[in-house]
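Here are some notes for a colleague going through the model.

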Amino acid sequence: MDEKKVMLSGIQPSGDLHLGNYLGPLRHWPEMIEEFDCYFFMADLHTITVRQDPAQLRRRVLTQVAQYIACGLDPEKCTIFIQSHVPAHAQLGWVLDCYTMFGELSRMTQFKDKAAKHKDNINAGLFTYPALMAADILLYQPDFVPVGDDQRQHVEICRDIAERFNGIYGEVFKVPQPHIAKVGARIMSLNDPQSKMSKSNPEGCVFLMERPEDILRKFKRAVTDSDTQRCVRYDPETKPGVSNLVQIYAAATGKSFEAIEAEFEGKGYGAFKPAVGEAVVETLRPIREETERLLADKGYLEGVYRTGAERAERVANRTLRKVYKKIGFVPR
Ligand code: TRP
């Protein structure tokens with residue numbers, strides 16, 4: 001058997017997937033599954049560090065599984081699973097809690113941010129989240145974990161925890177590379193081009209399942225820039241709004257920035273904004289339709305996540321058994 005390198009990524013089903021997720025990392029995953037042995041999981045255990053509505057959570061997890069497949073992740077070629085289906089995550093998570101220091105968790109910027117945002121629910125899970133994430137990663141002995149900037153600190157603490165554990169018990173964990181992939185385009189909010197596109201600002205955000213007329217409306221209202229020339233030009237410093245649209249249009253159509261500037265030479269924003277909207281609608285249409293089709297086929301989806309959980313579990317349990325043995329737990 002050829003030894004492919006292992007890659008793993010978890011995504012929290014805490015919001016609906018949007019254009020920023022798609023044009024950023026998601027669009028590049030189908031290429032990765034050809035090259036690497038890939039694990040993708042819905043990090044549902046992580047989402048409950050913030051209060052979730054049960055029906056919403058269930059719907060989002062299933063929708064996300066369907067969307068991954070619709071975006072081109074062939075479940076025959078990679079492992080797609082739901083985190084809570086593989087108990088080893090919670091089990092190793094507990095173990096790693098005991099090898100993670102209060103001080104280092106206190107320094108995590110995501111904890112500080114989320115604690116500030118959810119003052120009424122600063123729970124222990126929110127605090128120990130990085131140890132669970134380290135368990136997610138280390139169970140599969142991945143070579144790298146492609147994450148965005150916001151998760152870099154979490155991969156670093158995972159490396160620290162792995163090295164600490166290995167220092168005591170020998171080489172149990174493979175220490176993953178902090179692979180901060182060039183994850184494709186960084187898409188900004190349509191109504192606030194200084195901030196990343198985010199579900200928390202829905203008017204500036206285009207969701208993958210959104211109706212075409214809503215998408216078009218959001219693009220028509222997109223913030224452009226107040227320079228006098230009103231020309232379509234990629235220049236993120238002085239024209240952040242238009243540059244964001246140029247970037248989206250480029251990603252949706254495959255055209256270069258120069259070609260786009262030439263195409264809209266002398267036409268102004270009035271022609272450009274609806275054109276970007278249309279291009280996005282056409283890019284998302286097949287994904288939305290395929291997602292809807294898959295969601296209607298419950299049996300197939302169930303098959304995918306069950307098979308995924310079985311495959312994931314075999315690998316995860318092997319690591320967990322090794323850890324338990326090293327620690328000195330009596331085998332059952
Ligand atoms: N913490 C990640 C996020 O919020 C999600 C996540 C959980 C994850 N476990 C992971 C990502 C393991 C990569 C590897 O986006």
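At what angle do the axes of helix 8 and helix 9 cross? The points below begin with that pair, after a word on the source. This is a predicted model, in which local features need pLDDT of at least 70 and side-chain atom pairs count only at pLDDT 80 or more, while totals for chains, interfaces and linings use all residues. Residues are numbered from 1 along each chain as its sequence is written, and side-chain values use heavy atoms, with hydrogens and water left out.

1. Helix 8 (residues 124–138) and helix 9 (residues 152–169) have axes that cross at roughly 75 degrees and come within 9 Å. Helix 8 is therefore roughly perpendicular to helix 9 (the class for 65 to 115 degrees; under 35 is roughly parallel, over 145 roughly antiparallel, the rest oblique). Axes are lines fitted to C-alpha atoms, for helices over the stretch in contact, with angles from 0 to 180 degrees between N-to-C directions. Helices are DSSP runs of H or I with at least four residues, numbered from the N terminus.

2. On the helix 8 side, Tyr 129, Pro 130, Ala 131, Met 133, Ala 134, Ile 137 and Leu 138 meet His 154, Val 155, Ile 157, Cys 158, Ile 161 and Ala 162 of helix 9 (contact: heavy atoms within 4.5 Å). By class, this contact has 12 nonpolar residues, 1 polar and no charged ones (nonpolar: Ala, Val, Leu, Ile, Met, Phe, Trp, Tyr, Cys and Pro; charged: Asp, Glu, Lys and Arg; polar: the others, Gly among them).

3. The count of aromatic pairs is 18 (rings of Phe, Tyr and Trp, the last by its six-membered ring, with centres within 6.5 Å; planes under 30 degrees apart are stacked, over 60 edge-to-face, the rest tilted). Phe 165 and Tyr 169 form a tilted pair, 4.6 Å centre to centre with 40 degrees between the planes. These two are 4 residues apart in helix 9, so about one helical turn separates them. Phe 165 is buried at 0% relative accessibility (buried is under 20% relative accessible area, exposed over 50%, partly exposed in between, with a 1.4 Å probe and protein chains only).

4. The pair of Tyr 324 and Phe 329 is edge-to-face, because the planes stand at 75 degrees, with ring centres 5.0 Å apart. Tyr 324 is partly exposed at 27%, and Phe 329 is also partly exposed, at 43%.

5. Arg 60 lies in helix 4 (residues 54–70) and is buried, with a relative accessible area of 16%. Leaving aside neighbours within four places in sequence, Arg 60 contacts Pro 13, Ser 14, Gly 15, Asp 16 and Gln 52.
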